[in-house]
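Me: I've got a model open and would like to go through some of its contacts and backbone details with you. Can we start with a side-chain pair?

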Amino acid sequence: MGASLQVPLVDLRAQYLALKPEIMAAFEEVLDSMQLFLGPRVRAFEHHFAAYCGCAEGVGVSSGTDALALALRACEIGPGDEVITVSNTFIATVEAIAMVGATPVFVDIDPETYLMDWRQLEQVVTSRTRAVLPVHLYGHAVEMQPVLDFARAHHLYVIEDASQAHGATCNGQRVGGIGDIGCFSLYFSKNLGAFGESGICTTNNPALAEKMRMIRDHGSRVRYHHEVMGVNARLDEIQAAVLGIKLPYLDRWNEARQAHARTYTEQLSGVVDAVPVVRSWATHVYCYYVVQVPQRDQFRQALELEGIGTNIHYPMPIHLQPACRQYGYTAGLLPVTEALAAKIVSLPMYPELTSAQLQLVIDAVKRNIAHPSLHAR
Ligand SMILES: *Cc1c(COP(=O)(O)O)cnc(C)c1O
């Protein structure tokens, strides 16, 4: 899927071609130096990305999943501990909790933003709860002040999963610097992505940063001296070189996404059943542009036939996945999350979308929603 479509869901080629000379020159420099990990490119990217998020410290790691697991470990969360999060997310959020041996506890989502409903936190907190893990899904921040207030009252850590929200803000503050630790995936298709697997943790707490640095490098600060059982979760110089080149463009790319979203929303409000909501205190960076449509599966097929890629983020809520069986959740426990999963669809979204491509998508959406045979509700 992708290459054969007129408008793929995501097209990463245009961005690569624009930056190709710069990236190739950086690759050559890194390879000529043969300093391939934890070198100057990693340190520079950590510094610049942390500053971008309004944070003192950045710890480059090998993926977003590892970023979350390292953050949890740095907070000494493990077996017997509970972490409150949402089921409307990518599996990695919950995998990281499982990786450290802790138990995920789910709250439902706000029916308008599809993000963590902080009003439900009080109902699920127990004496074993150690952290809240809000997910800034699709590019819109969770409403953080009530989450922070709740966490402070119960002496909990707040770990943000900001993997889909590089540059998004909540009350003027960039995500990643609002809770104790921010975790970002830098997977190639995110708002900021390397050419492979990468991630980063951001924090204003130097002790937590130091612990994450140690754990990501086999539990050592000094080579071959291992203070704790760590892992190999380092960011490498090749990926850091790509990220360093791309970071200065992130705001421009997010603005392009926002402009596309405005066009979609102007044209599709009242056509689809729901367009993305943006809270007055938030800036949305549209990792995905998610709408609700009737007869979703037929709608997707019709668009595919017209050369337009779509996807579902995500088709099955995490608490109902076979992998989560041991946590004992059944259908009906998170009704807003469950109902949403059957109705959402993501439309093509990436900075380099042209106005002609946007118009193709909009026309196809209008045509295929209006079509009576597809609209039999
Ligand atoms: C992509 C993503 C992750 C995992 O990141 P990887 O780099 O693929 O390990 C975690 N959480 C969310 C919400 C994501 O979108």
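Reply: A polar contact of 3.4 Å joins the side chains of Q15 and E352, where a polar contact is a pair of N or O atoms within 3.5 Å, one able to donate a hydrogen and the other to accept it within protein, and residues adjacent in sequence count only if both atoms are side-chain atoms. This is a predicted model, in which local features need pLDDT of at least 70 and side-chain atom pairs count only at pLDDT 80 or more, while totals for chains, interfaces and linings use all residues. Residues are numbered from 1 along each chain as its sequence is written, and side-chain values use heavy atoms, with hydrogens and water left out.

Me: ok, is Q15 buried or exposed? And what does Q15 touch?

Reply: Q15 is buried, with a relative accessible area of 11%; buried means under 20%, exposed over 50%, and partly exposed in between, using a 1.4 Å probe and protein chains only. Not counting residues up to four places away in sequence, Q15 touches K246, W253, P351 and E352, contact meaning heavy atoms within 4.5 Å. Q15 itself lies in helix α1, residues 13–33, helices (H or I, at least four residues) and strands (E, at least two) being DSSP runs numbered from the N terminus.

Me: how is the chain divided into domains?

Reply: There is domain 1 (13–248) and domain 2 (250–375), with bounds that come from an automatic or database domain assignment. Their centres, taken over C-alpha atoms, are separated by 25 Å, and 47 residues of domain 1 are in contact with 36 residues of domain 2.

Me: switching to S163, where is that, and which side chain does its own side chain make a polar contact with?

Reply: S163 is in the loop between β5 (157–161) and β6 (169–170), and its side chain makes a polar contact of 2.8 Å with the side chain of D161. Leaving aside neighbours within four places in sequence, S163 is in contact with C183, F184, S185 and K190, and at 8% relative accessibility it counts as buried.

Me: what about α6, which residues are buried there, and what covers them?

Reply: In helix α6 (residues 144–154), the buried residues are M144, P146, V147, L148, F150 and A151. Their cover includes β2 (82–86), α5 (121–124), β4 (129–132), β5 and β6. Within α5 sits V124, which is partly exposed at a relative accessible area of 22% and, leaving aside neighbours within four places in sequence, is in contact with I84, V105, F106, V107 and T129.

Me: where is there a positive phi just after α6?

Reply: That is H155, with a phi of about 55°, in the loop between α6 and β5; at 71% relative accessibility H155 counts as exposed. M34 also has a positive phi near 55° in a residue other than glycine; it is in the loop between α1 and α2 (40–52) and counts as exposed at 57% relative accessibility.

Me: and which residues does a cis peptide bond join?

Reply: H313 and Y314 are joined by a cis peptide bond, with omega about 15°, and Y314 lies in the loop between α10 (296–305) and α11 (335–341).
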